[in-house]
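Colleague: I'd like to learn how to read pockets and cores off a model. Could you walk me through one?

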Amino acid sequence: MKKISILVLLLAGILTSCEGDIGPQGPPGFDGLDGADGLIGSIFEVEADFSSNEYEFFVDIPSSIEVFDTDVVMAYILSGVDNDVDIWEPLPQTLFFGSDILLYGYDYTFFDVRFFLDGTIDVNSLDPLYTDNIIFRVAVIPADFAESINTLNLEEVMGAMNINSVERVD
């Protein structure tokens, strides 16, 4: 029994003290996928007309943009221009007309974004100013990155993602 114990201890010592050569270095990763070069997230713009589409408008997410389960998708509406500077407001956006309410909202899948009008107002009575040629921007932001910025401010989102121009989608 003493010989077996010594043999087991000797074998355990040999196995734990063995060290082999360091293996070859693995292949390099894909450039830009870690976001180190500022290419994290995407933003695109769309012009919507609600009057002829039952007060909703669908837009396909461009094939160049992949939406993951953990991504944050934010939508913004162009609410005005001040001294040639666009004013962007995050959705949902609520407008009040006396006792009536108009809401611009959105939802999304991995493939498209749906913008819609809702509220207590009779949407058929709305001026085309509120239904035609409405400009939206959609930002697809990685969740980890979204935690570190104010996603309610489109200018901050664009600055943090180092985006200077936005693709218009038809």
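This is a predicted model: local features need pLDDT of at least 70, side-chain atom pairs count only at pLDDT 80 or more; totals for chains, interfaces and linings use all residues.

Colleague: Fold first, then. How many helices and strands does the chain have?

Modeller: The chain has 3 helices and 9 strands. Going along the sequence, they come in the order α-β-β-β-β-β-β-β-β-α-α-β.

Colleague: And how much of the chain is buried?

Modeller: Of its 170 residues, 34% count as buried. The accessible surface is about 11400 Å², with 54% of that belonging to carbon and sulfur atoms. As for contacts, take those with a separation of 6 or more: 62% of them come from residues 24 or more positions apart.

Colleague: Which residues have the most contacts inside the largest nonpolar core?

Modeller: Phe 50, Tyr 104, Phe 115 and Phe 136, in a core of 44 residues. Among the elements giving two or more residues to this core are β1 (42–48), β6 (100–108) and α3 (154–160). The element that gives the most is β8, with 7 residues.

Colleague: Let's zoom in on Tyr 104. What is Tyr 104 in contact with, beyond its neighbours within four places in sequence?

Modeller: Its partners include Phe 50 and Phe 136, which are also on that list of residues with the most contacts inside the core. Tyr 104 also touches Ile 77, Gln 93, Leu 95, Tyr 130 and Ile 134, among others.

Colleague: Which residues line the second largest pocket?

Modeller: Tyr 104 is one of them, and the lining also includes Ile 77, Gln 93, Leu 95, Tyr 130 and Ile 134. β3 (72–82) and β5 (93–97) each supply at least two lining residues, and β3 gives the most, with 3.

Colleague: How does that lining divide into nonpolar, polar and charged?

Modeller: There are 7 nonpolar, 3 polar and 1 charged residues in the lining. Asp 132 is part of the lining too.

Colleague: Last one: where is Asp 127 found?

Modeller: Asp 127 sits in the loop between β7 and β8. It counts as partly exposed because its relative accessibility is 44%, and the cut-offs for that class are 20% and 50%.

Colleague: How far apart are Asp 127 and Ser 51 in sequence and in space?

Modeller: They are 76 residues apart in sequence, yet 9.8 Å apart in space, C-alpha to C-alpha.

Notes:
Residues are numbered from 1 along each chain as its sequence is written. Side-chain values use heavy atoms; hydrogens and water are left out. On a 1 Å grid over the protein atoms alone, a cavity is a set of points where a 1.4 Å probe fits but cannot get out, and a pocket is an open set with protein on both sides within 12 Å along at least five of seven lines; lining residues have an atom within 4 Å of a point. Helices (H or I, at least four residues) and strands (E, at least two) are DSSP runs, numbered from the N terminus. Ala, Val, Leu, Ile, Met, Phe, Trp, Tyr, Cys and Pro count as nonpolar, Asp, Glu, Lys and Arg as charged, and the others, Gly among them, as polar. Buried means under 20% relative accessible area, exposed over 50%, partly exposed in between (1.4 Å probe, protein chains only). Contact means heavy atoms within 4.5 Å. Accessible areas come from the Shrake-Rupley method with a 1.4 Å probe; for residues, only the protein chains shown count as cover. A nonpolar core is a set of buried Ala, Val, Leu, Ile, Met, Phe, Trp, Tyr and Cys residues joined through side-chain atoms within 4.5 Å.
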